[in-house]
Every structure is written in structure tokens, then in C-alpha cells.
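Visitor: I have not seen this structure before. Please pick a single part, look at it closely, and then show how the rest can be followed from there.

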Amino acid sequence: LLLSKDDIESFYSLEDCIDAVGDAFKLFSAGKVQVPLRTQIKKQNDQDTFLCMPAFCEEYNASCVKVLNMFPNNMDGTYVTQLRTGAASGVAFKYLAKKNCRKGALIGTGGQAETQLAAMLSVRDLEVVEVSDLNFERAHQFAAKMSEKLANYHTKIVAAKSADEAVQDADLVITVTTAK
């Protein structure tokens with residue numbers, strides 16, 4: 001059974017993933033989950049990677065193995081990682097951020113940015129999120145796209161001219177960039 005990004009989105013929401021990741025973090029912290037180091041195999045082209053990540057949870061009497069083939073043009077395989085990574089930030093915001101947040105800042109607009117922003121909005125009722133990227137036009141395009149995609153949150157998503165401007169008076173900050 002091969003599932004596309006659209007298939008996954010149709011039955012598994014970011015909020016579902018935030019709940020699952022929060023439960024997993026709690027069980028892991030209590031020593032109730034076995035998670036060996038992942039196995040990574042890189043092809044000689046230094047772009048394509050194969051990953052194998054097993055886990056076992058006695059409490060659920062369940063085991064799983066995430067097998068991931070990361071190829072630059074395989075976006076659907078990438079989506080599951082983006083979803084889980086966004087959910088991890090959502091859990092952190094849910095439990096560690098103050099309750100009355102009004103402004104968020106997102107630094108970076110690459111592959112992980114969409115689910116990071118969605119996670120931020122799903123756990124806090126923000127008035128505005130300022131988005132920064134090294135390329136202002138890219139930040140502007142991302143903000144416009146996400147304003148439409150995440151319109152149900154009623155949060156103003158705008159491009160900031162710099163990271164410094166974005167984080168000014170921000171209650172929540174997420175950096176999702178490899179830029180130095």
C-alpha cells in the first residue's frame with residue numbers, strides 16, 4: 001500500500017500527530033520505550049539515504065519500524081518526517097510555552113517550515129506570525145501561501161524583512177533553517 005501526502009492528510013492530522021508524539025515523549029522519558037539508534041546507509045552520490053528506525057513499547061505491546069528512503073524528488077516520503085518533526089515542536093509549544101501567546105516568529109521557509117508553522121498555530125491562538133527568510137521575496141511568497149492554507153486559524157501571517165524584526169516581541173520562536 002503506497003500512500004501519498006494527500007492520502008495521509010485525509011486521515012491523519014497534525015493535531016493527531018501532536019497527541020501521539022506527546023504520548024511517545026512521555027513514555028520514552030519514563031523509560032518505557034526501546035529506541036535503538038537508527039541505521040543509515042548513504043549512496044555514493046551523497047544525496048540519497050536509506051534509514052531504518054525501530055522502536056518497541058511494552059505498555060502498548062507494539063513495535064514499529066520506520067523505513068525511509070530519502071531522495072530529493074520523493075516529497076511524499078518527506079512529508080511523514082515533516083509531520084512528525086512539526087508535531088514535536090507542537091508538543092514543546094503545548095507544554096512549555098506560556099498560555100497567552102500573541103505573536104510567533106518563524107525563521108526559515110524551507111521543507112520543514114509548513115508543519116512547524118501549523119504546529120505553532122494548532123496549540124496557541126496567535127494574532128500574528130512574522131516569517132523571515134534570507135530571501136525576502138521567498139518569505140513573502142511563503143507567508144501568502146500559508147495565510148491561505150492555514151486561514152482557519154485566523155492568524156495574520158506576514159513576511160518580516162529580517163530575523164531580528166520577526167523575533168522582536170515574539171512569544172514563540174521557531175528556527176527551521178540551516179543558514180548561518
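Guide: Start at A105, whose bridge partner in β6 is E130. Bear in mind that this is a predicted model. The two strands around that bridge are β5, residues 103-107, and β6, residues 128-132, and they pair in the parallel sense over five bridges. They belong to an open sheet of four strands, with the order β7-β6-β5-β8 and parallel pairing. At its edges are β7 (156-159) and β8 (172-175), each of which pairs on one side only. On average, and with direction ignored, neighbouring strands of this sheet are turned by 15 degrees against each other.

Two helices lie across these strands. Helix α4, residues 113-123, lies across β5, β6, β7 and β8 and runs at about 165 degrees to β5. Helix α5, residues 136-149, lies across β5, β6 and β7, and its angle to β7 is about 165 degrees.

Charged side chains come next. Side chains of opposite charge can pair when their charged atoms come close. The structure has nine salt bridges. One of these joins R138 and D133, with the closest N and O atoms 2.5 Å apart. R138 has 42% relative accessibility and so counts as partly exposed, whereas D133 is buried because its relative accessible area is 13%, below the cut-off of 20%. Salt bridges that share partners also join E114, K145 and K149 into one network.

D19 counts as partly exposed, at 48% relative accessibility. K94 is partly exposed as well, with a relative accessible area of 30%.

A further salt bridge is formed by K43 with D48, where the closest N and O atoms are 3.6 Å apart. K43 is partly exposed at 39% relative accessibility, but D48 is buried, with a relative accessible area of 7%.

Helix α3 also contains A92. This residue counts as partly exposed, at 33% relative accessibility. A92 and A119 are 27 residues apart along the chain, and their C-alpha atoms are separated by 9.8 Å.

Rolling a probe the size of a water molecule over the atoms shows where empty space is left. The largest pocket has a volume of about 1,400 Å³. It is lined by 39 residues, and those closest to its centre are M53, A55, C64, K66 and R84. The elements that give two or more residues to this lining are α2, β3 (49-57), β4 (62-70) and α3. Of these, β4 gives the most, with nine residues.

How values were computed. Residues numbered from 1 in each chain as written. Predicted model: local features only at pLDDT ≥ 70, side-chain atom pairs only at ≥ 80, totals over all residues. Heavy atoms only, no water. Pairing = 2+ DSSP bridges. Axes fitted to C-alpha atoms, helices over the stretch in contact; angles between N-to-C directions. Contact = heavy atoms within 4.5 Å. Salt bridge = Lys/Arg side-chain N within 4 Å of Asp/Glu carboxyl O. Buried < 20%, exposed > 50% of the residue type's maximum accessible area, 1.4 Å probe, protein only. 1 Å grid on protein atoms, 1.4 Å probe; cavity = no way out; pocket = protein on both sides within 12 Å on 5 of 7 lines; lining within 4 Å. Points joined across faces, edges and corners; volume = space filled by probe spheres on them.
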